[in-house]
Amino acid sequence: MDKYQEQPHLLDRHLEWMMNSLLAIVRDNGSPPPLVHLAFKFLYIITKVRGYKRFLPLFPHEVGDLQPVLDMLVDQNPKDSETWETRYMLLLWLSMICLIPFDLARFDGNITSEEGHARVPTMDRILKIAKCYLVVSDKARDAAAVLVSKFIVRPDVRQKRMPDFLDWTLSMLSKSSFQTMEGTVVMNGMLQALAQLFKHGKREDCLPYAATVLECLDNCKLSESNQMVLRKLGMKLVQRLGLTFVKPKVAKWRYQRGCRSLAANLQAQSSAVQNQMIIVAANEADKEEEYDIPGEIENVVEQLLVGLKDKDTIVRWSAAKGIGRITGRLPKELADDVIGSLLDCFSFQETDNAWHGGCLALAELGRRGLLLPSRISDVVPVILKALTYDEKRGACSVGSNVRDAACYVCWAFARAYDPAELIPFISQISSALVIAAVFDRDVNCRRAASAAFQENVGRQGTFPHGIDILTAADYFAVGNRVNCYLTISVYIASFPEYTQPMIDHLVNMKINHWDSVIRELSTKALHNLTQRAPEYMANVVLPRLLPLSVGTDLHTRHGAILACAEITHALCKLAEENNRSRTYYFNEKSLEGLKQIHQEVCNNYQIYFLTVCTLIEKLSLSKMPFRGDPIIVLMNDSAVSALAALCNEYYINENGEADPALQDELVTQYVSELQNTEEMIRCGFSRALGALPRFLLKGRLQQVLEGLKKVTLISPADVSFAEARRDALIAIAKVCQTIGVNGEGTQEEYVCKDNVTQIYATLLSGMTDYTTDSRGDVGGWVREAAMTSLMEVTLLLVQNEAELINANICKQIMCWLAQQSAEKIDKFRAHAGSVFLTLLHFDHPPVPHIPHREELERIFPRSEKETLNWNAASEAFPRITQLLGLPTYQYYVLLGLSVSVGGLTETTLRYSAQSLFDYMKKIQNDSSAMESFCETLIKVFEDNLRNDRVSVPLLTMLDQMLANGCFDIFTMQENQPFAVKLFTLCKEEIKRSKDIRKLRSSIGIYFFLTFSRFCGLIQFQGDMREKVLFQLFLLLCHPFPVIRKTTASQVYEMLITYSDVVDPAIMDEVMTILSDTNWEAELPVVREKRNCLCDLMKVPKPQLVSKVNTDVSKTVHLPFPGKEKG
């Protein structure tokens, strides 16, 4: 049913048959209690979605239903938390049955039962049930309040029970306290019952008790309660009491709009305003029937006005509705006093809660025609302020609910008033709504403003260019804030009525906003809006911003500096487009003010360096006449984003070259800072070198490349400077692209045959960076940058002088990319795969010397270049493992696969392992392919011995391969070379490990997996078995108890799997020792059992040696004293 929550009315046609089907189960006497409860539970779910008010009339309410429902309720346990839905629905059903038009006394008959005891009358039974459930804490309490409202107002019950019931409720209210949980529950039930009773009861029946109830309610002091529900129910009861005090009549003085035709509203404004008549019955106010307004009304209105300032929205909303309902029954003068008191909420001494509640109340009054046209002039200025209400509180702000409610007021006014009444305010309201729809920070406010604007366009027909604006700024379009600021605003500003208000709002309200994102968006919006009003921007806005840019408020200064930069850039572009001087729109005062910003701000506030850099960038792009001014010298290294524009404009002479002294000073300073001890400084100057224009790099290329190369080298002092190495590699590619290619040129001016090898060596070295720290695999950033830079440099050379790329370089690039494409981290695998396919399929012209190009194009067709998802292990690994069949790529792909197959990520492990096993199955019968694969595998192991990044997952991969029978072809060969080498390498990997932390943290991964390798090697025949058994028996006396226990378990499983390892005559004894021995006991005890196993299986017993033993060649090294030898 949940999918019907937003449009529950779709259920209406199905409600009756669903209810009848479920109630048939309830009425069936043969239905077990669990089934009955389930039926009621389903009924509750339907009621929850559609609402009980719509569901209530569908309940059967015949006379015959009364006793069965009463009996079922009596049988219920109010404290059973599992069946509250049943009780809730039964109470709702009973509330409907209570409406039967018969005196309840007729159902009592003879009130003496067969046993002679007095039977409780039906009226008292129902009342007892209602009272019982008004004090429970579950949902049944709400249904009991509904029951009371239907039951007590019956004529027969009202006469006999209403006074007593009210006495009981007021007594319970007086005795309860909202400071306790029990008291809160009781007060909730009493308040609900009273509110429902005064809502549904007749005024003449309730009026005698209203003053007493109000007095009791005042004594409860609910406004001091922390319980939002109690305050809301109190506000609801207060307004119901207020409506009881005044007669239920429609005020004759209220404003009534005449024609409400949408078609008429959308006609020409002149005819719409002239033809429509305003019907205001003010002259009839004097003829109103005069009657006294009870003094309690003043108390009620006062409480409602206080409720408008409550901290919870639901309480304020209830108070606003109460203000609207009661004001509609008051005389005109009193109603006007209420409105005057309401307008006092809109003071900047009041909180945002008061503003929000006031807006809700104004909307209610306007919607009901209780806000006369004479008051509009007082209300509109308040609403315009509310549309931009935004108060900073700590790190955020409050006011979005106020702005949303202000939009609701505008929406209500559109429906309430004749267009002629709002004509004087149309310009202000339309501009304010457009500004809110485009520039508000919160999406719900932008959409509310758009809806209010749409309602005014349809109902009023007087908003300028309403249809055009609605088309561009509809509900969905305003959902994207960036689109609103940078696109929609430009379109709306093309209508002159909105241009200046939008600009003024950005300058006055948004460039000093607390949110830096809004400030930055606002300045970009001002850039785009400059073309709509260049003269206004230059003569009014810019002079206003210049003093703000050096003011004292941090937010205002930041926004003003950025706004000056953006407006200046936009004005210069506009002047250039119109073939005018760059300074056409600027006077001397403005130019001087722009030059003074950086000096005034940066000398005192270094946090604004980046902001001033944006200013410098924009001034440089604007080609402002500041050549030689201090601004250029002082800020030339502040930020990379401004550097390129700055240099291109101010560091180049008439001949297109740099001043030699300036070039030498600049490049030398930048290169020297590359060795700074601060990583971020290295990053900044690396990026700066990458951003330098060609005329500054010319003649200094080798110096720059050498400096960047040093940054990419890993030394103990800067091993963690991964971001600096990343930026240096990116800068090398940028420098190469800037300087250009000339094979026969000099290495100081071009990428040429003399330096191309050095460039590639530096970039390829980045592919081997696997540095890790507390942030994780930070070397991945370097590898990613290296891959990107290799691609950019290679494509640069291919497009200019492809002969500079030799076969060896191309082979290294493709092999390293293949390895990265087989590794475990999705992001880097995807990037490597993308670069790999880009180089493979590039054809303008093709990259030369790619090994096995035809086979690669068959594995990776050009048609799948864009569709292959390298992030998905299920797609990537089946393709990349096919490269194992290509000799050039086999080593590198296997190296990458080792890390993936032996990794910890389940998805990567599963698909990479399955792809590897599939490949192994294909070559099982090809002895040459198997031998080649095994040689490569041993080579990978040898090259990465004791390199935990590779060796640990490699051992895991070997374990899986042995378990999957990948090497079964070798198991029948005695002393097979592959098995011997594998055993030697496994033994070497764990030898002399003295890192206690490493051993402890990897017990479950490293050692356990290592031991399983030896057990796997038992498959192999010959001397290998004896060597493996000896190694395992050594580990049975390892200093770590968990290692001993794990080894024993592995040996036990191994002997079950390979029964021919042990003579059947001693098998049972060996298995008993392995299973019954406590391998976590002291070493002497364990050693005795281990030696017994050695004797039984005829394996040499390891011998204990002293701590100091010069004959290291015969020592088996363990990480603790007490070593054993063979």
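**Two helix pairs in a predicted model**

Helix α4 passes helix α5 in a left-handed crossing, and this is seen in a model that is predicted. Two packed helices are described by the angle between their axes and the distance between the axes. For α4, which spans residues 66-75, and α5, which spans residues 84-97, the packing angle is about 150 degrees and the axes lie 10 Å apart. Because angles over 145 degrees count as roughly antiparallel, α4 is roughly antiparallel to α5.

On the α4 side, the residues that meet the partner helix are Leu 66, Val 69, Leu 70, Met 72 and Leu 73, while α5 contributes Arg 87, Leu 90, Leu 91, Trp 93, Leu 94 and Ile 97. Sorted by class, the residues of this contact between α4 and α5 comprise 10 nonpolar, no polar and one charged; Arg 87 of α5 is the charged one, since Arg belongs to the charged class.

A second pair is formed by helix α44 (residues 887-901) and helix α45 (residues 906-922), whose axes come within 9 Å and cross at roughly 140 degrees.

The contact draws on Gln 890, Leu 897, Ser 900 and Val 901 of α44, together with Thr 908, Leu 909, Ser 912, Ala 913, Leu 916 and Tyr 919 of α45. In the contact of α44 with α45, six residues are nonpolar, four are polar and none is charged.

Conventions. Residues numbered from 1 in each chain as written. Predicted model: local features only at pLDDT ≥ 70, side-chain atom pairs only at ≥ 80, totals over all residues. Heavy atoms only, no water. Axes fitted to C-alpha atoms, helices over the stretch in contact; angles between N-to-C directions. Helix = DSSP H or I, 4+ residues; strand = E, 2+ residues; numbered from the N terminus. Parallel < 35°, antiparallel > 145°, perpendicular 65-115°, else oblique. Left-handed = near helix turned anticlockwise from the far one by under 90°. Contact = heavy atoms within 4.5 Å.
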